Amino acid sequence: MSRPLIGITAYFEAARWGDWVREAVVSPPSYAKAVIRAGGAPVVLPPLGPHAVDDYVRGLRGIVLAGGVELGADTYNGEQDEHVAEPQSHRDRFELAVARAAVQADVPILAISRGMHVLNVAQGGTLIPWLPEVLDSDRHAVPGAVHTIQVSVTSKLGKAVGDRVEVSVPHHQSVRRLGTGLLAVAWAEDQIVEGVELQGHRFGVGVQWHPERGDDNRLFDAFMEAAR
């Protein structure tokens, strides 16, 4: 059986190889490795504009919306917080277009960290632009700090990973208002949304943490089952 082609969104950054420094399409290999372990064939998608988005969606069996820098507040009609890094507008535009096209075409989506925010905004939702300011605490942003996440057992996410999962991924933004069709299915102890699902979609799951890191590949396995 041939491996399903899975698109992975990527950075467009300056990179060095040898004596050269050039703009390059960059993707952490952990995403591609997780796709391969689950039985897929990874394809990195350069964020060079929305021109080929419909072709990508027609040709791919699944989309991974990868992590990265925070979304610009203009994407959800918010105000840019002074703490947030300069947004990558080209990537924001590209990934929002990919997410909307994949939702429309019922192509399986696994949205990770920033990717969960992209999916939420693509569906008309909004974000908390700087979570430490809202909570008056850095507890979600401390590197290495472990959070216990409660997961709805009836959700696709819960069926893949169980009702509780421990994660250690700092983040500064979070879901504020859920987008159309999205349902919160995982929460931190302080009720910050850590996982969402798109209702009525073959597989539209977003998580705040990074399931591609480490040895637990169950969420990618469930995503790949839908992609097949």
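**Charges, overall form and buried residues**

Author: The mean positions of the 21 positive and 28 negative charges of the chain are 8 Å apart. Please note that the model is predicted.

Reader: What secondary structure does the chain have, and why is the chain called as compact as a globular protein of its length?

Author: The secondary structure comprises 7 helices and 13 strands. The radius of gyration of the chain is 17 Å, and the globule rule gives 17 Å for 228 residues; the two values are close, so the chain is as compact as a globular protein of that length. Its C-alpha trace spans about 45 × 40 × 35 Å along the principal axes.

Reader: How much of the chain is buried, and what is the extent of its accessible surface?

Author: Of the 228 residues, 52% are buried. The accessible surface comes to about 10700 Å², and carbon and sulfur atoms account for 50% of that surface. As for contacts between residues at least 6 apart in sequence, 67% join residues at least 24 apart.

Reader: Why is Thr 9 called buried?

Author: Buried means under 20% relative accessible area. Thr 9 has a relative accessibility of 1%, and therefore counts as buried. Thr 9 is part of strand S1, residues 5–9. Setting aside residues up to four places away in sequence, Thr 9 touches Leu 45, Val 64, Leu 65, Ala 66, Arg 91 and Glu 95. Its C-alpha atom is separated by 24 Å from that of Val 185, which is 176 residues apart from Thr 9 along the chain.

Reader: What makes Val 21 partly exposed?

Author: The relative accessible area of Val 21 is 41%, so Val 21 is partly exposed. This residue lies in strand S3, residues 20–26. Apart from neighbours within four places in sequence, Val 21 is in contact with Ala 14, Ala 15 and Arg 16.

Reader: How do you know that Val 44 is partly exposed?

Author: The relative accessible area of Val 44 is 38%, and Val 44 is therefore partly exposed. Val 44 has its place in strand S4. Beyond its neighbours within four places in sequence, Val 44 is in contact with Ile 8, Ala 10, Val 25 and Ser 27. Val 44 and Ser 137 are 93 residues apart in sequence, and their C-alpha atoms are 36 Å apart in space.

Reader: Why does His 51 count as exposed?

Author: Exposed means over 50% relative accessible area. His 51 stands at 71% relative accessibility, so His 51 counts as exposed. His 51 lies in the loop between strand S4 (41–45) and helix H2 (53–59). Although His 51 and Phe 94 are 43 residues apart in sequence, they are 8.9 Å apart in space, C-alpha to C-alpha.

Reader: Why does Asp 106 count as partly exposed?

Author: Asp 106 has a relative accessibility of 27%, so Asp 106 counts as partly exposed. Asp 106 is in the loop between H3 and strand S6 (109–112). Asp 106 is not a glycine, yet has a positive phi of about 60 degrees.

Reader: Which residues have the most contacts inside the largest nonpolar core?

Author: They are Val 64, Ile 149, Leu 157, Trp 209, Leu 219, Phe 220 and Phe 223, in a core of 34 residues. Helix H7 (residues 218–227) gives the most to this core, with 6 residues. Apart from this core lies another, of 31 residues, including Val 98, Val 118, Ala 122 and Leu 127. In soluble globular proteins, nonpolar side chains tend to be buried together.

Methods. Residues numbered from 1 in each chain as written. Predicted model: local features only at pLDDT ≥ 70, side-chain atom pairs only at ≥ 80, totals over all residues. Heavy atoms only, no water. Helix = DSSP H or I, 4+ residues; strand = E, 2+ residues; numbered from the N terminus. Rg over C-alpha atoms; globule rule 2.2 N^0.38 Å. Buried < 20%, exposed > 50% of the residue type's maximum accessible area, 1.4 Å probe, protein only. Contact = heavy atoms within 4.5 Å. Areas by Shrake-Rupley, 256 points an atom, 1.4 Å probe, with all protein chains shown as cover. Lys, Arg positive; Asp, Glu negative; His and termini not counted. Charge placed at Lys NZ, Arg CZ, Asp CG, Glu CD. Core = buried A, V, L, I, M, F, W, Y, C linked by side-chain atoms within 4.5 Å.
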